[in-house]
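Open your viewer and get ready to click along.

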Amino acid sequence: MNSVHDMGGMHGLGPVVPEPNEPVWHAPWESRVFAMNMALGAWRRWNIDAGRHVLERMPAADYLRASYYEKWLYGAFQKALQFGLITRAEAETGQPDPSAPKAMPPLAAERVPEIFAAGRPTIRTVERRPAFAVGAAVRTRNIHPLTHTRLPRYARDKTGIVAARRGAHVFPDSNAQFQGENAQELYAVAFKARDLWGEAANPRDTVCIDLWEDYLAPA
Amino acid sequence: MSGGHDHSHPEGHAHTHDGQNAPSETALRVKALESLLVEKGLVDPSALDAIVDHYEHKVGPRNGARVVARAWVDPAYKTRLLADATAAIAELGYSGTQGEYIVAVENTPATHNMVVCTLCSCYPWPILGLPPAWYKSPAYRSRSVIEPRAVLHEFGLDLADDVEVRVWDSTAEVRYLVLPERPPGTEALTEDQLAALVTRDAMIGTARVQAP
């Protein structure tokens, strides 16, 4: 969807301000929000793409105003609500519904290391053969779905060159809708900065974007 | 499955810009959500402690610095790193969440790589830890792809016009590690001494590694 999360190329969002000796968290609540997101994910009520789409639908003004972990707080709350871990009444009162069954057991501390060690690889073995070779010229599709996509606006309807193949990966556009993994070849596609941004860009510069096959057509 | 937004409830909505001076209102909302989730049996507080501990103490840019230093001193390792970074990095014991598929890109005198995630905040957690605030900021996400040289200038890095700047936008589950150039005059340093020179920003591509 064309929401404010898709920031590549926007102007007016200020300077980049590095913070010397930045701590991992700026307040204890940030660490709890982060950990709650991770622990709730272990219920597997949603996948990473559906989770990202929840944040993309955060009201745009709130999205821009929020700090990073305020967005994650919104995300934890909305995912728990939208994917049925908590009810609307529980969200509003903060009290558990006494009639709701207790969901046990939650992720235990001793399982945390194995969860992080395993990760959640998105690479798959598929029958579908890659359509493009390294070096092929490709043109990105001009799509504007209301649903989740990882084809950024600034790279739609642009021509680039396949720089590398990454194997078949779960396709976010369908996975976010719980419409199947539809795993397919993922390519690193190199675009000349001038093809994206015009003559003001340095003629040598490039932007490489990881793009799934369904985003691409032969150029 | 997913309903739209309901703006009638305040929970989870953000009201401030500055995470450093978060109002107690936000901290209270977080506490309220945690106690609801704990009471419902959805999260175990000790698991939250373990998750926090993992990202405070077990991962961070020192992991990535070890990878870089090894690549500088061991040409065979560097070859493996550039061919299959996930496997080469796993040799040093780093793998898992948000590092399931890692690609290393090498800086040379002719090419400077830098990494961004314009759509969210994708970052190679096992080797760099959680990303710094600037990496996740709207400013970095928006500007890195359209004016990377201006962003690098603000980091104090000015590149000649004939150096290619190659920006990697992490739109998929591929995570990028920039392999910085080894600074001149470091031939006598040990691998550990070299690792101590390697900064997080150099592995994102917004800095060079400086000789001591």
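Predicted model: local features only at pLDDT ≥ 70, side-chain atom pairs only at ≥ 80, totals over all residues.

Residues are numbered from 1 along each chain as its sequence is written, while chains are lettered from A and ligands numbered from 1 in the order in which they are written.

**Stop 1: the interface.** Select chains A and B together. Here 86 residues of chain A are in contact with 81 residues of chain B (C-beta atoms, placed from the backbone, within 7 Å). Chain A's side includes two or more residues from each of several elements, among them helix H1 (28-41), helix H4 (68-82) and strand S5 (206-212). Helices (H or I, at least four residues) and strands (E, at least two) are DSSP runs, numbered from the N terminus. By residue class, chain A's side has 51 nonpolar, 15 polar and 20 charged (nonpolar: Ala, Val, Leu, Ile, Met, Phe, Trp, Tyr, Cys and Pro; charged: Asp, Glu, Lys and Arg; polar: the others, Gly among them).

**Stop 2: across the chains.** Pick S5(A) and strand S3 (residues 164-169) of chain B, which pair in the parallel sense over four bridges; pairing requires at least two DSSP bridges between the strands. Click A:Cys208 to find its bridge partner, B:Trp168.

**Stop 3: around S3(A).** Next, select S3(A) and strand S4 (residues 184-192) of chain A, paired antiparallel over six bridges; A:Ile161 has A:Ala190 as its bridge partner. Strand S2 (residues 137-140) of chain A also runs antiparallel to S3(A), with three bridges, and A:Val138 stands opposite A:Gly160.

Technical notes
Contact = placed C-beta atoms within 7 Å.
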